[in-house]
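Subject: Structure for your review

Dear colleague,

Please find below the structure that I am handing over to you. My notes on what was found in it follow directly after.

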Amino acid sequence: MKLKTFIFLLCSLMGLGSSIVQAETKWQKRNLVLCAEDAGWPPFSFHKNVQTEPFQGFNADLMKLIFDKHKINYEVVIRPWKRCLNDGVVGDVSIVMDAAKNSERDKKYLLTEPIYSLTPVVFFSKAKTLLYPDDLIATELQSLWVCGQKGYTYTNFGFDNARVKL
């Protein structure tokens with residue numbers, strides 16, 4: 001149910017418009033460092049074989065297309081999610097990929113426009129069918145405990161992150 005719709009800091013390169021030549025010159029002198037989460041998020045980011053192909057998917061293809069076109073050298077590092085976020089703030093990485101926008105991140109990062117979106121789906125246990133009314137509506141889910149992935153923000157779906165069991 002992860003809605004990872006933004007690549008952090010990509011605007012710093014793509015938003016330069018007429019000064020792209022300056023960006024090319026600047027980034028050709030060193031590698032741009034992109035951070036991807038170690039858990040992966042197929043089909044957008046995944047790690048089929050860490051030894052031979054550490055980073056694949058939609059984001060890998062998009063980054064290659066953008067940076068190769070402008071002759072910008074880059075490397076992708078695979079790290080735990082919280083470390084990617086921290087390294088983006090302190091400057092150890094230039095871009096954090098696969099992140100959803102929230103108010104805290106909006107204050108700390110330069111965000112791009114969405115590059116993809118997801119539709120959340122809720123799964124219920126068949127063994128506990130009698131616990132759920134037939135006419136359950138989405139807003140009623142907000143009062144229930146739900147399960148989610150550690151480090152992800154569920155506020156975009158109307159859930160309080162504190163009520164999401166990890």
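The model is predicted, with a mean pLDDT of 75 over the chain, and 76% of the residues reach 70 or more. Over residues 1-24 the pLDDT stays under 50, although the model has 90 contacts beyond four places in sequence for this stretch. Where pLDDT is low, the predicted coordinates should not be read in detail.

Overall architecture

The secondary structure comes to 6 helices and 5 strands. Read from the N terminus, the elements follow the order α-α-β-α-β-α-β-α-α-β-β. Of the 166 residues in the chain, 39% are buried. Among contacts between residues at least 6 apart in sequence, 66% join residues at least 24 apart. The chain exposes about 10300 Å², of which carbon and sulfur atoms supply 55%.

The sheet

Three strands form an open sheet in the order S2-S1-S3, with parallel pairing. S2 and S3 are its edge strands, each pairing on one side only. The parallel pairing of S1 with S2 extends over 6 bridges; within it, Leu32 has Tyr74 of S2 as its bridge partner.

In soluble globular proteins, nonpolar side chains tend to be buried together. In this model, the largest nonpolar core has 12 residues: Leu32, Leu34, Ala36, Phe55, Ala60, Leu62, Met63, Ile66, Phe67, Ile72, Ile95 and Met97. Strand S1 and helix H3 (58-69) each supply at least two residues of this core, and the largest share, 5 residues, comes from H3. A second, separate core of 11 residues includes Val33, Cys35, Ala99 and Leu111.

Leaving aside residues up to four places away in sequence, Ala36 touches Phe55, Val76, Val77, Ile78, Arg79, Cys84 and Met97. Met63 lies in helix H3 and counts as buried because its relative accessibility is 1%, where the cut-off for buried is under 20%. The C-alpha atoms of Met63 and Glu75 are separated by 9.9 Å, the two residues being 12 apart along the chain.

Helix H4

Which residues of helix H4 are buried? In this helix, which spans residues 81-90, they are Trp81, Cys84, Leu85, Asp87 and Gly88. These residues lie on the same side of H4, because they cover an arc of only 165° around the axis. An α-helix has 3.6 residues a turn, so residues three or four places apart point the same way. On the other side of H4, Lys82 and Val90 are exposed.

After H4 comes Gly91, whose phi is positive, near 95°.

With kind regards

Key
Residues are numbered from 1 along each chain as its sequence is written. This is a predicted model: local features need pLDDT of at least 70, side-chain atom pairs count only at pLDDT 80 or more; totals for chains, interfaces and linings use all residues. Side-chain values use heavy atoms; hydrogens and water are left out. Buried means under 20% relative accessible area, exposed over 50%, partly exposed in between (1.4 Å probe, protein chains only). Helices (H or I, at least four residues) and strands (E, at least two) are DSSP runs, numbered from the N terminus. The arc is that of the directions from the helix axis to the C-beta atoms. A nonpolar core is a set of buried Ala, Val, Leu, Ile, Met, Phe, Trp, Tyr and Cys residues joined through side-chain atoms within 4.5 Å. Contact means heavy atoms within 4.5 Å. pLDDT is the predictor's confidence in each residue, from 0 to 100. Accessible areas come from the Shrake-Rupley method with a 1.4 Å probe; for residues, only the protein chains shown count as cover. Two strands pair if DSSP finds at least two bridges between them.
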